[in-house]
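Please look over the sequence and the structure before reading on.

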Amino acid sequence: MACRDTLHLFILLIFWFFLAFPHPSIYDAYFFPHQGTNPSSWKIKKVMDQSIIRNVAIIAHVDHGKTTLVDQLFQQSGMFRENQEVAERLMDSMDLEKERGITITAKNGSYCYKDYWINIIDTPGHADFGGQVERVLRMADGCLLLVDAQEGPMPQTYFVLKKALAAGLRIIVVINKIDKPAARCEWVVDQVFDLFVKLDAPDHLLDFPVVYASAKQGYAKHHLTDDSTTMEPISELIVAHVPPPSGDPTASLQMQVSSLDHSPYLGRLGIGKVINGTLSINKPIAVVKRDGSVSPARLTKIFRFESDKKVSTDSAGVGELVAVAGMDDVTVGVTFTDADNPMPMPQIEIDPPTISMNFIPNDSPFAGLEGKFVTSRHLEDRLKKETLADVALRVEPMTEGVGYVVSGRGELHLSILIEKMRREGFELQVTRPQVIMKQEGGVTLEPYEELTIDVDEQYAGAVIERLGMLKGQMQEMHQANGMNRLVYKIPTRGLLGYRSEFMTATKGLGMMNYVFAEYGPYAGDIINRVNGVLTSMESCTTVAYALFNLQDRGRLFLGPGVKVYTGQIVGENARNQDMVVNPAKGKKLTNMRASGSDENVVLTPPVQMSLEDCIAYINDDELVEVTPLSIRLRKKKLTGK
Ligand SMILES: Nc1nc2c(ncn2[C@@H]2O[C@H](COP(=O)(O)OP(=O)(O)OP(=O)(O)O)[C@@H](O)[C@H]2O)c(=O)[nH]1
Ligand SMILES: [Mg+2]
């Protein structure tokens with residue numbers, strides 16, 4: 001009995017202890033010991049000591065493992081409980097990012113290592129979002145350049161390294177994916193060195209530190225022969241090589257917005273680095289807009305990035321990366337500064353768009369059946385909202401007809417917007433992407449890409465032949481281990497829609513990457529699609545028997561039992577002209593029993609096309625109709641003849 005009482009008393013004591021002495025968060029206690037042991041100082045309400053901050057951007061070609069590396073740095077910093085379920089590629093928080101396994105927008109986060117607060121900026125690797133990388137580099141004082149241990153530097157490696165060098169950042173080279181059986185680390189390091197030389201890197205940066213890692217397996221090492229089970233070597237290099245943010249805490253406030261975010265409660269958030277001075281909630285400040293105008297501003301919230309979360313603070317000091325709320329029309333490039341001594345930062349250049357598409361209200365016979373937002377007004381409001389959040393996007397009304405010309409940095413950029421709208425309940429139709437031409441001295445110029453292809457020898461011939469037809473000019477060709485690496489300069493127009501064709505031609509084993517190279521002379525007509533299409537002659541529901549007969553004509557895009565309208569595209573013709581067909585033509589009934597014979601036909605499964613495939617597929621006289629439930633291809637003119 002006495003024993004049980006003692007036990008109860010003991011449990012009560014433990015409860016009392018936790019209530020009376022609340023524990024500091026892991027960050028406060030472990031990483032800010034110099035802030036004293038008084039619990040009130042554990043809450044980081046004051047500005048952070050500049051010398052403990054390291055601002056690091058992670059840059060690389062697409063899929064070289066940036067987001068996976070951030071996962072490991074976070075995991076190993078001890079910020080999650082041991083049994084806590086943490087999503088893979090945590091920073092890829094948008095649904096579309098998770099589904100596609102790519103990063104679409106740059107994200108901020110932080111972790112602590114020893115006495116240092118390391119702010120991490122995860123960047124997208126895809127070329128369409130390259131402009132973001134350039135902008136967020138303004139928040140960084142150094143960067144980790146990740147390079148795949150097998151692939152070596154790729155076109156986007158070149159692009160991001162060029163931007164990092166232009167920003168004068170310290171660069172730590174991380175050879176990632178060393179666990180791959182075909183890893184060739186020494187070769188990759190040599191290639192990276194050559195890239196630095198090619199980009200005229202200053203001597204002190206040529207001697208870059210190198211670390212070898214497997215972000216997936218969670219280890220990094222200074223030398224390939226080292227034994228390591230942690231990512232510590234990367235954190236060590238960050239602390240040793242990335243300088244703490246420079247900047248004067250006593251100078252006028254300067255905080256420039258480098259990227260944007262959105263909060264359902266607070267509206268738009270501007271994200272940037274405090275370059276000089278102190279940012280405080282209660283202090284009146286001014287904002288210098290992109291047009292140079294200065295107006296008073298008041299921030300309603302300031303957030304720091306702690307792990308993958310935003311944590312509210314009253315003020316932030318030099319070098320801190322923050323998200324601020326309170327200005328509804330905040331955009332990239334604005335500077336928050338002192339009201340009585342405004343000091344704007346130099347303007348942030350935004351790359352001009354390279355391709356455009358028309359977004360048209362849905363006027364197909366099925367309009368309004370599947371979506372909530374269908375009118376041109378809905379479209380306008382939504383697109384305007386997007387331009388506020390995405391500075392690389394441009395929207396203008398169409399000069400002919402109702403609709404909007406939406407211009408962006410590439411097919412992926414625009415198709416992600418369409419996919420987002422469709423999920424929100426919009427119905428719309430889009431035209432084939434057009435590249436944006438330029439006139440210079442009376443000459444028409446068009447954008448060219450540098451295309452790098454890695455392909456098995458047996459498919460190289462077919463690829464070379466097709467690229468020739470698309471006006472590609474071969475720059476380099478290397479052969480090693482049965483693989484060919486081809487480097488081309490090719491008009492952006494030629495590449496529109498080429499990816500899926502390439503994947504089919506190389507049985508899914510080829511790799512293609514491209515990056516904007518320059519504007520060059522107009523290359524003449526390019527025929528992207530040689531085949532014609534099969535269109536429906538009437539509004540009907542498709543019938544298996546009819547489709548069975550149509551299979552000989554080409555490839556079908558839909559199966560039986562699907563409602564289609566006159567002029568809708570149901571398949572691709574094997575020949576190069578269009579053909580009107582009847583996808584509902586049943587078998588002539590000779591007696592009652594024959595009507596059931598439709599079920600007996602065996603159909604080849606229809607070709608499944610993603611939104612991107614559809615956009616890339618259509619010709620100028622065709623449209624993609626997008627609704628929350630369906631993606632249909634149609635002729636602009638809906639005739640059954
Ligand atoms: N074998 C191996 N695979 C890795 C490693 N690191 C990442 N990966 C894989 O590479 C793929 C791409 O990883 P991500 O982390 O999404 O790459 P990313 O650079 O963030 O890609 P983007 O943001 O789209 O440019 C995923 O399938 C990862 O599992 C590694 O060290 N070894
Ligand atoms: Mg990523």
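This is a predicted model: local features need pLDDT of at least 70, side-chain atom pairs count only at pLDDT 80 or more; totals for chains, interfaces and linings use all residues.

Residues are numbered from 1 along each chain as its sequence is written, chains are lettered from A and ligands numbered from 1 in written order, and side-chain values use heavy atoms, without hydrogens and water.

**Ligand site**

Around ligand 1 there are 18 residues. A residue counts as near if one of its heavy atoms lies within 4 Å. Lys-66, Thr-67, Thr-68, Thr-103 and Asp-179 come nearest. By class, the shell holds 3 nonpolar, 9 polar and 6 charged residues. Here Asp, Glu, Lys and Arg count as charged; Ala, Val, Leu, Ile, Met, Phe, Trp, Tyr, Cys and Pro as nonpolar; the others, Gly among them, as polar. Helix H4 (residues 66-76) gives the most to this shell, with 3 residues. Helices are DSSP runs (H or I, at least four residues), strands likewise (E, at least two), numbered from the N terminus.

| Side chain (N or O atom) | Ligand 1 atom | Distance |
|---|---|---|
| Lys-66 | oxygen | 2.8 Å |
| Asp-179 | nitrogen | 2.7 Å |
| Ser-214 | oxygen | 3.4 Å |

On its own, ligand 1 has 650 Å² of accessible area, and the protein covers 87% of it. These areas come from the Shrake-Rupley method with a 1.4 Å probe.

**Aromatic rings**

The whole structure has 8 aromatic pairs. Rings of Phe, Tyr and Trp (its six-membered ring) pair if their centres lie within 6.5 Å; planes under 30 degrees apart are stacked, over 60 edge-to-face, the rest tilted. Phe-516 and Tyr-519 pair edge-to-face, at 5.9 Å centre to centre and 65° between the planes. Phe-193, Phe-196 and Phe-208 form one aromatic cluster.

Charges also sit over rings (NZ of Lys or CZ of Arg within 6 Å of the ring centre and within 35 degrees of the ring normal). Lys-438 lies over the face of Tyr-519, 4.3 Å from the ring centre. Arg-184 places its charged end over the ring of Trp-187, 3.7 Å from the centre.

**A loop residue**

Arg-290 is in the loop between strand E11 (285-288) and strand E12 (294-297). Arg-290 and Met-79 are 211 residues apart in sequence and 38 Å apart in space, C-alpha to C-alpha.

Conventions:
A polar contact is a pair of N or O atoms within 3.5 Å; within protein, one must be able to donate a hydrogen and the other to accept it, and residues adjacent in sequence count only if both atoms are side-chain atoms.
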